Amino acid sequence: MRILLGSPDPRRPTPPGLGAGHSVELADPFEDLPAIAQHSGPFDVALLSVASCRAQVIAPLREIRRRGLGLPVVILASHFDPEAEQEALHAGADDVLGPMVPTPLLVARLQAVVRRALGHSSAQIACGNVLLDQGRAQVSVDGRPVRITRREFEVLEALMLRRGVLLTKEQFMARLYAAEDGPENRILDVFVCKLRRKLAAAGAAEIVRTVWGRGYVVEEPGPGAVTAARARFAAGQARPRRAHLALGGTPLPAA
């Protein structure tokens with residue numbers, strides 16, 4: 001996930017371990033959070049870490065929604081009561097949490113609101129005969145586990161959450177490395193190439209397609225493609241095949 005973290009108190013600590021496997025960017029100054037969310041994205045979710053739910057989040061929440069942003073927003077507040085929580089939810093928050101929530105639970109909550117915003121009801125996301133389990137950070141093909149790296153998982157997760165939507169290389173690199181001095185965009189081609197090989201070797205039908213010069217998209221394979229992939233695997237002939245969509249083909253929605 002690419003998380004936009006905002007707090008009116010710069011001394012307020014970031015939840016420990018939140019950046020493990022996720023890119024976290026600070027909205028500074030806090031008052032500019034709605035503008036940062038609109039112009040520096042795309043972000044997957046905004047996390048507002050505040051002392052007072054009512055006093056500090058209602059105005060930025062209303063401004064985020066006034067700008068027409070569907071960005072999921074989670075509030076992490078030291079002090080709130082049922083009335084303040086209700087007000088925040090009515091103003092556009094997706095969840096309100098207390099200060100003592102463990103980081104693994106916080107991450108699970110963030111993943112849940114992102115999934116719901118993208119139309120998924122479960123941490124298990126399927127495409128063809130590939131299953132990605134967010135809760136366990138695992139990928140399997142017809143029940144067989146596929147050993148992939150954390151970066152490869154993040155690439156596949158971003159694509160499968162947005163099936164049918166083109167993700168550009170720039171969007172990928174922002175999600176993978178945020179404001180860090182990350183590698184060149186070409187590293188993404190390496191991740192995708194290795195991911196395709198590992199999935200195909202496990203008997204998966206091709207789901208990741210290249211839009212040359214633009215980025216990548218995950219598409220649901222037809223039943224025939226899944227049957228053929230399973231047959232190749234059973235015969236010991238599973239192998240990756242390169243797939244792409246040439247420029248000028250069917251337009252794809254962009255993330």
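# Reading strands, loops and helix packing

Author: Ala-137 lies in the loop that links β7 and β8. Please keep in mind throughout that this is a predicted model.

Reader: What is the phi of Ala-137, and how should I read such a value?

Author: As a general idea, most residues other than glycine have a negative phi. Ala-137 is not a glycine, and yet its phi is positive, at about 55 degrees.

Reader: Which residue in the loop between β8 and β9 has a positive phi without being a glycine?

Author: Asp-142 is found in that loop, and its phi is near 50 degrees, although it is a residue other than glycine. Asp-142 also counts as partly exposed, here at 33% relative accessibility. A glycine with a positive phi can be found too: Gly-128, in the hairpin of β6 and β7, takes a value near 60 degrees, and that hairpin has two residues between its strands.

Reader: Which peptide bond is cis, and where does its proline lie?

Author: The general idea is that most peptide bonds are trans. In this model the bond from Asp-28 to Pro-29 is cis, with omega near 0 degrees, and Pro-29 sits in the loop between β2 and α1, the helix of residues 33-39.

Reader: How many bridges join β6 to β7, and how many join β8 to β9?

Author: The antiparallel pairing of β6 with β7 (residues 130-133) extends over four bridges, and within it Cys-127 stands opposite Val-130 of β7. Strand β8 (residues 138-141) is joined to β9 by three bridges, again with the two running antiparallel, and Ser-140 faces Pro-145 in β9.

Reader: What is the strand order in the open sheet of five strands?

Author: That sheet has the order β2-β1-β3-β4-β5, and its pairing is parallel. Its edge strands are β2 (23-27) and β5 (95-97), each of which pairs on one side only, while the twist from one strand to the next averages 25 degrees. As an example of the pairing, β4 (residues 73-79) and β5 run parallel over three bridges, where Leu-76 has Leu-97 of β5 as its bridge partner.

Reader: Where do α2 and α4 lie relative to these strands?

Author: Helix α2 (residues 53-66) lies across β3 (45-52), β4 and β5, and it runs at about 155 degrees to β3. Helix α4 (residues 103-117) packs on the sheet as well, touching β1 (2-6), β3, β4 and β5, with its direction making about 130 degrees with that of β3.

Reader: At what angle do α5 and α7 pack, and which residues make the contact?

Author: Helix α5 (residues 150-161) meets helix α7 (residues 186-201) at about 85 degrees, with the axes 10 Å apart. This makes α5 roughly perpendicular to α7, a description that applies from 65 to 115 degrees. From α5 the contact takes Arg-151, Glu-152, Val-155 and Leu-156, and from α7 it takes Leu-188, Phe-191, Val-192, Lys-194, Leu-195 and Lys-198. Sorted by class, six of these residues are nonpolar, four are charged and none is polar.

Reader: Finally, how many helices and strands does the protein have, and what percentage of its residues count as buried?

Author: There are eight helices and 13 strands, and 47% of the 255 residues count as buried. The accessible surface comes to about 12,700 Å², of which 53% belongs to carbon and sulfur atoms. Among contacts between residues at least 6 apart in sequence, 64% join residues at least 24 apart.

Conventions
Residues are numbered from 1 along each chain as its sequence is written. This is a predicted model: local features need pLDDT of at least 70, side-chain atom pairs count only at pLDDT 80 or more; totals for chains, interfaces and linings use all residues. Side-chain values use heavy atoms; hydrogens and water are left out. Two strands pair if DSSP finds at least two bridges between them. Axes are lines fitted to C-alpha atoms, for helices over the stretch in contact, and angles run from 0 to 180 degrees between N-to-C directions. Angles under 35 degrees count as roughly parallel, over 145 as roughly antiparallel, 65 to 115 as roughly perpendicular and the rest as oblique. Contact means heavy atoms within 4.5 Å. Ala, Val, Leu, Ile, Met, Phe, Trp, Tyr, Cys and Pro count as nonpolar, Asp, Glu, Lys and Arg as charged, and the others, Gly among them, as polar. Buried means under 20% relative accessible area, exposed over 50%, partly exposed in between (1.4 Å probe, protein chains only). Accessible areas come from the Shrake-Rupley method with a 1.4 Å probe; for residues, only the protein chains shown count as cover.
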